[in-house]
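Please look over this model with the notes below in hand. They go point by point.

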Amino acid sequence: MEKKDPEECEFVVALDTFVGKRKPVILHYLLQGETLRFNELRRLLPDITQRMLTLHLRELEEEDIIKRVVYPQIPPKVEYSITEYGKSLAPVMESIYQWGVAHVEHKKRKKENTLQKDSV
């Protein structure tokens, strides 16, 4: 049986916590310091299904990254905000964002260089 590298396991655990198609975007909005209602998040993420948004929010809540508050009223009011622990992701998310900006530029330059070579 093959031994697992403990660093690899911690890396995977970290990525599983906040990586996905929409989790980083949810975190981006909540890290702005706003408390958002479910439907506000739906409007900010128009191409996510209600089911997937609910799933992502539950996963982030289980990891203590976000806090969910339900107000006992009719209709029910549910708000989401970043926890103090979740705020520790801010520098990580900022680094990922900055890398994404640089990567988009890199891809654009690569495409432009390829087009220039093809036209010669």
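The notes cover the basis of the model, then the sheet, the helices and single residues.

1. Basis. This is a predicted model, where local features need pLDDT of at least 70 and side-chain atom pairs count only at pLDDT 80 or more, while totals for chains, interfaces and linings use all residues. Residues are numbered from 1 along each chain as its sequence is written, and side-chain values use heavy atoms, with hydrogens and water left out. Helices (H or I, at least four residues) and strands (E, at least two) are DSSP runs, numbered from the N terminus.

2. Sheet order. The sheet is open and has 3 strands, in the order β1-β3-β2, with antiparallel pairing. β1 (36-37) and β2 (66-71) are the edge strands; each has a single partner strand, so one side of each is left without a neighbour in the sheet. Two strands pair if DSSP finds at least two bridges between them.

3. Strand pairs. β2 and β3 run antiparallel and are joined by 6 bridges. Val70 has Val78 in β3 as its bridge partner. The two strands, β2 and β3, form a hairpin with 5 residues between them. β1 pairs with β3 (residues 77-82) over 2 bridges, again in the antiparallel sense. Here Arg37 stands opposite Glu79 of β3.

4. Helix α2. Which residues of helix α2 are buried? In α2 (residues 23-31) they are Lys23, Ile26, Leu27 and Leu30. They sit on the same side of α2 because they cover an arc of only 95 degrees around the axis. The arc is that of the directions from the helix axis to the C-beta atoms. Buried means under 20% relative accessible area, exposed over 50%, and partly exposed in between (1.4 Å probe, protein chains only).

5. α2 and the sheet. α2 lies across β1, β2 and β3, and runs at about 90 degrees to β3. Axes are lines fitted to C-alpha atoms, for helices over the stretch in contact, and angles run from 0 to 180 degrees between N-to-C directions. Contact means heavy atoms within 4.5 Å. Just after α2, Gly33 takes a positive phi of about 95 degrees.

6. His56. This residue is in helix α4 (residues 50-62). His56 counts as buried because its relative accessibility is 10%. Not counting residues up to four places away in sequence, His56 touches Arg22, Lys23, Ile26 and Ile48.

7. Helix α1. Thr17 is found in α1 (residues 6-18). Its relative accessibility is 13%, so Thr17 counts as buried. Leaving aside neighbours within four places in sequence, Thr17 is in contact with Lys23, Leu60, Glu63 and Ile65. Leu15 also lies in α1. Leu15 is partly exposed, with a relative accessible area of 32%.

8. Tyr85. Where does Tyr85 lie? Tyr85 is in the loop between β3 and α5 (90-119). Tyr85 touches Glu63, Asp64 and Ile65, not counting residues up to four places away in sequence. Tyr85 and Ile66 are 19 residues apart in sequence, and their C-alpha atoms are 8.4 Å apart in space.

9. Rings. Lys77 lies over the face of Tyr71, at 4.9 Å from the ring centre. A charge sits over a ring if NZ of Lys or CZ of Arg is within 6 Å of the ring centre and within 35 degrees of the ring normal.
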